[in-house]
Amino acid sequence: METTNTASSDETLREALAAGVETWKPRVQALSEDLHANPELSFEEVRAAGAIAALLSEGGFDVTAGTADLPTAFTASAGTGDLTVALCVEYDALPSVGHACGHNLIAGASVAAALALLPHVDELGITLKAIGTPAEEHGGGKVLMLQRGAFDGVGLALMVHPVQDGVTYNPAGTTAQAVGRYEAVFTGKAAHAAAAPHLGVNAGDAAVLSQVAIGLLRQQIPGDHRVACYVAEAGHVTNIIPDHAVVPFECRAFTLPEYEALLVRVRRCFEGAAIATGTTLEITAAEPLYEPLIQDAELAAHWTEAMDAFGKDTSPAAGMGGGSTDMGNISQVIPSLHPWLSIPGANVPIHSHGFAALANTPEAYAVMFEAATALACTVAGAATNPQQRDRFVKAAYRREATIQEASS
């Protein structure tokens, strides 16, 4: 009888969460459409952060702006339970292609899930936080927020990410690559390109040689590693030997040791170009390191069960996914879930104009709300399972500095 009552109670809660998402659909879809129509770049998401925070405040959350000293971050909180849950809200866009990574859908799913969960925080015994995390595309907003205490006390963190059609909704075993972004600067010596070219030291040549060396290196690196670069500056007119060249670059791999080894080899390409041309070289980190993504297996099981109810493909993933996210850094220290949201009919790659258009379609919003329901059900499932709840409560994150301060 107890099992039956528990099952009935769980089903009643799932139905209530689904109804909560349904109630907020018009407002959340309007918000998502507004984000799509008004894309803002990393750390510039003033309109987006304000609109999302306003809706969460209207729904009953206590909202604090400027979390972690980031003007476009926020934290919306409700409840006082010993299990703290974070729903991550992303809303930055990409240069020239807008919301070609579907962050308007990420925001909508997390916001709808948060609003649906809000009436049940006491019943679930949770402290619920919807955390606005700017600058995922470039800048590592979550990395900075993690370092500055925005995730202190959080026992589990969740969000979703849209992808092309045909990707399984089962996140178990999937991951994302570590990525580090850098800027290589070559310094040479300017000279007249016709009257005295022999007196110059050509920084532009160093930029070209580094690209050639990286291109040749690709033959000897594993197939799942990635190196990308472009020349941002290497001269301005033809009659001056350029004395300054800038080459931004990035390295990606699925494990940190592989990433570190790749970075060493890529740095040597730049160092060799500097030696060959007689230029000096300085390489500096342009953004925080994004770490590999870890999907929590128990959270993945709750999510998969919820998506099964929508008739989605939840077959095991064929392999690891590419790309990177600063959610990886969160997942390294907090049990996390970052499932993939397959948009029906999306047969173009993300980070393209075509995908940006598809992120603003009825099909995209339909799966966004299904994802919101599944996120809410995942939280409820974790909170009501005694063994899992105990694990997540014990996993509450504390920065090392916080621990040291507490013991001093």
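Here is a short tour, stop by stop.

This is a predicted model, where local features need pLDDT of at least 70, side-chain atom pairs count only at pLDDT 80 or more, and totals for chains, interfaces and linings use all residues. Residues are numbered from 1 along each chain as its sequence is written, and side-chain values use heavy atoms, with hydrogens and water left out.

**Stop one: the core.** Select Val28, Ile52, Leu56, Phe61, Val111, Ile126 and Trp303: these have the most contacts inside the largest nonpolar core, which has 70 residues. Such a core is a set of buried Ala, Val, Leu, Ile, Met, Phe, Trp, Tyr and Cys residues joined through side-chain atoms within 4.5 Å. Buried means under 20% relative accessible area, exposed over 50%, and partly exposed in between (1.4 Å probe, protein chains only). Now color helix H11 (residues 362-384), which gives this core its largest share, 15 residues. Helices (H or I, at least four residues) and strands (E, at least two) are DSSP runs, numbered from the N terminus.

Next, center on Ile52. Which residues does Ile52 touch, leaving aside its neighbours within four places in sequence? They are Leu31, Leu35, Phe74, Val89, Tyr91, Ala107 and Val111, with contact meaning heavy atoms within 4.5 Å.

**Stop two: the sheet.** Val89 also takes you to strand S3 (residues 83-89), which pairs in the parallel sense with strand S4 (residues 126-132) over seven bridges. Look across from Val89 and you'll find Gly132 in S4. Two strands pair if DSSP finds at least two bridges between them. Zoom out to see the open sheet of six strands, in the order S1-S2-S4-S3-S5-S13, with mixed pairing. At the edges sit strand S1 (62-65) and strand S13 (336-337), each pairing on one side only.

**Stop three: two loop residues.** Most residues other than glycine have a negative phi. Select Asp69, in the loop between S1 and strand S2 (74-78): its phi is positive, near 60 degrees. Why does Asp69 count as exposed? Because its relative accessible area is 68%. Then hop to Ser96, in the loop between S3 and helix H3 (103-117). The phi of Ser96 is positive too, near 70 degrees, and Ser96 is exposed at 70% relative accessibility.

**Last stop: helix H6.** Pick Leu216, found in helix H6 (residues 203-217). Leu216 counts as exposed because its relative accessibility is 59%.
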